[in-house]
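Let's take a friendly walk through a protein model. Have a look at the sequence and the structure before reading on.

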Amino acid sequence: MAALRKLSNNLVGHLLQPNCRNSTFLSSSWPSSSPALFISRRGIASKLFIGGLSYYTTEKGLSEAFSQYGQVVGAKIPMDKVSGRSKGFGFITCASEDEAENAIKELNGKALNGRVIFVAYAKPRTGFGGGTPIARGPPEPAPGQ
């Protein structure tokens, strides 16, 4: 907590300097264009995973369903590239931990657009690709053969 306070004081001091408009820090990492980005970078927002979605559920409909239980910062439903339909799951970003907990409590196991949905905290993405590497030609001969 003390480190966070120190970082905040350094940032405020940096922003109050007369030449801060030309700062690369401000242009590259300060989330001035999106309050949602600012919230998620500060670690306040909570991302929820919603499984079991109907193919007819839209991001707007999902956002409206969850907004009854708190402020929704963003909604995303991944689409299948081949069929163009929903993959059957989505993500909601809530403005606070309390609102996310309330949404989980109220909506987990309930019906949305005719399907029972499952709501839980989203797990962070770890690795991209993973799995078995793709073979690129014949195997190398063992040493000494």
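Which residue in strand 3 is the bridge partner of serine 46? The partner is cysteine 94. The sections below place that pair in the wider picture.

## What kind of model this is

This is a predicted model, in which local features need pLDDT of at least 70 and side-chain atom pairs count only at pLDDT 80 or more, while totals for chains, interfaces and linings use all residues. Residues are numbered from 1 along each chain as its sequence is written, and side-chain values use heavy atoms, with hydrogens and water left out.

The term pLDDT stands for the predictor's confidence in each residue, from 0 to 100. Its average over the protein is 76, and 63% of the residues score at least 70. Over residues 11-42 the pLDDT stays under 50. For that stretch the model has 22 contacts beyond four places in sequence, where a contact means heavy atoms within 4.5 Å.

## The overall layout

The protein has five helices and six strands. Both kinds of element are DSSP runs numbered from the N terminus: helices are H or I with at least four residues, and strands are E with at least two. Along the sequence, the pattern reads α-α-α-β-α-β-β-α-β-β-β.

Of the 145 residues, 23% are buried. Here, buried means under 20% relative accessible area, exposed means over 50%, and partly exposed lies in between (1.4 Å probe, protein chains only). The protein exposes about 10,800 Å², with carbon and sulfur atoms supplying 55% of that area; the areas come from the Shrake-Rupley method with a 1.4 Å probe, and for residues only the protein chains shown count as cover. Among contacts between residues at least 6 apart in sequence, 57% join residues at least 24 apart.

## How the strands pair

Two strands pair if DSSP finds at least two bridges between them. Strand 1 (residues 46-51) and strand 3 (residues 89-94) are antiparallel partners, with six bridges. Strand 3 also runs antiparallel to strand 2 (residues 72-76), joined to it by four bridges.

Strand 1 has another antiparallel partner in strand 6 (residues 118-121), and four bridges link them. In a regular strand the side chains alternate between the two faces of the sheet.

## Two buried isoleucines

Isoleucine 50 belongs to strand 1. Is isoleucine 50 buried or exposed? Isoleucine 50 counts as buried because its relative accessibility is 0%. Isoleucine 50 stands opposite glycine 90 in strand 3, and its bridge partner in strand 6 is valine 119.

Beyond its neighbours within four places in sequence, isoleucine 92 is in contact with residues including Leu48, Ile50, Leu62 and Phe66. Isoleucine 92 and leucine 48 are 44 residues apart along the chain, yet their C-alpha atoms are separated by 5.2 Å.

## Two residues in loops

Arginine 85 is placed in the loop between strand 2 and strand 3. Arginine 85 counts as partly exposed because its relative accessibility is 42%. Not counting residues up to four places away in sequence, arginine 85 touches Tyr55, Pro78, Met79 and Asp80. The C-alpha atoms of arginine 85 and serine 54 are separated by 9.9 Å, and these residues are 31 apart along the chain.

Asparagine 113 lies in the loop between strand 4 (111-112) and strand 5 (115-116). What is the phi of asparagine 113? The angle is positive, about 55 degrees, although asparagine 113 is not a glycine. Most residues other than glycine have a negative phi. With a relative accessible area of 48%, asparagine 113 is partly exposed.
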